Amino acid sequence: QVQLVESGGGMVRAGGSLRLSCTLSGGTFTRHTMAWFRQAPGKERQFVAGMSWVNGHIEYDDSTKGRFTISRDNGNNMVFLQMNSLKPEDTAVYYCAANRATAARSEPAYWGQGTQVTVSL
């Protein structure tokens, strides 16, 4: 059974940076598309970024493009989300997600427990 564990959330002032990490266990990391989603209070869960396991193709939501960077370390079964120039509207619970689909933006089969990111003015 695939399990995902996130870390790296916290509180930061607007304009600051945070790096989220996620480790996959119980599956073959190199055959999983990895992604990050987020859910703000009162809102639906939203796609943030994804990276295909097939060709490394990356997609970002328009709201994070140019500020966030997704990357993966296949040797350590980890995926990262580097978040720069953070804004208060980035405040949300961030979830790591994985699936076997080839598209960078695809419906996850597995979810992490989530990590809180809070951006203050």
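These are my notebook entries on what I looked up in the predicted model of a protein chain.

**Ground rules**

I worked from a predicted model, in which local features need pLDDT of at least 70 and side-chain atom pairs count only at pLDDT 80 or more, while totals for chains, interfaces and linings use all residues. Residues are numbered from 1 along each chain as its sequence is written, and side-chain values use heavy atoms, with hydrogens and water left out.

**Fold and overall dimensions**

I began with the secondary structure, taking helices (H or I, at least four residues) and strands (E, at least two) as DSSP runs numbered from the N terminus. The protein chain has 11 strands and 0 helices, and its elements read β-β-β-β-β-β-β-β-β-β-β from the N terminus on.

I then looked up the radius of gyration, which is taken over C-alpha atoms, with a globule rule of 2.2 Å times the number of residues to the power 0.38. The protein chain has 13 Å, which agrees with the value near 14 Å that a compact globule of 121 residues would have. Along the principal axes, the C-alpha trace spans about 40 × 30 × 25 Å.

**Burial, contacts and charge**

For burial I used relative accessible area (buried under 20%, exposed over 50%, partly exposed in between, with a 1.4 Å probe and protein chains only). Buried residues account for 44% of the 121 residues in the protein chain. The accessible surface, from the Shrake-Rupley method with a 1.4 Å probe, comes to about 6100 Å², and 47% of that surface belongs to carbon and sulfur atoms.

With contact meaning heavy atoms within 4.5 Å, I noted that 58% of the contacts between residues at least 6 apart in sequence join residues at least 24 apart.

For charges, Lys and Arg count as positive and Asp and Glu as negative, without His and the chain ends, and each charge is placed at NZ of Lys, CZ of Arg, CG of Asp or CD of Glu. The mean positions of the 12 positive and 9 negative charges lie 4 Å apart.

**The disulfide**

I searched for disulfides, defined as pairs of cysteine sulfur atoms within 2.5 Å, and the structure holds 1. Cys 22 is joined to Cys 96, with an S to S distance of 2.1 Å. The pair links distant parts of the chain, since Cys 22 belongs to strand β3 (residues 18–25) and Cys 96 to strand β9 (residues 92–99), 74 residues apart. Both Cys 22 and Cys 96 are buried. The torsion about their S-S bond is about -80°, so I recorded the disulfide as left-handed.

I found Thr 69 in strand β7 (residues 68–73), where its relative accessibility of 40% makes it partly exposed. Leaving aside residues up to four places away in sequence, Thr 69 touches Tyr 60, Phe 80, Leu 81 and Gln 82. Its C-alpha atom is 6.6 Å from that of Met 83, which is 14 residues apart from Thr 69 in sequence.

Glu 107 sits in the loop between β9 and β10 (110–111) and counts as exposed at 67% relative accessibility. The C-alpha atoms of Glu 107 and Phe 47 are separated by 9.7 Å, although the two residues are 60 apart along the chain.

**Backbone check**

Most residues other than glycine have a negative phi. Asn 77, not a glycine, has a positive phi of about 55°; this residue is in the loop between β7 and β8 (78–83) and is partly exposed at 26%. Ser 85, also not a glycine, has a positive phi of about 50°; Ser 85 lies in the loop between β8 and β9 and is partly exposed at 41%.
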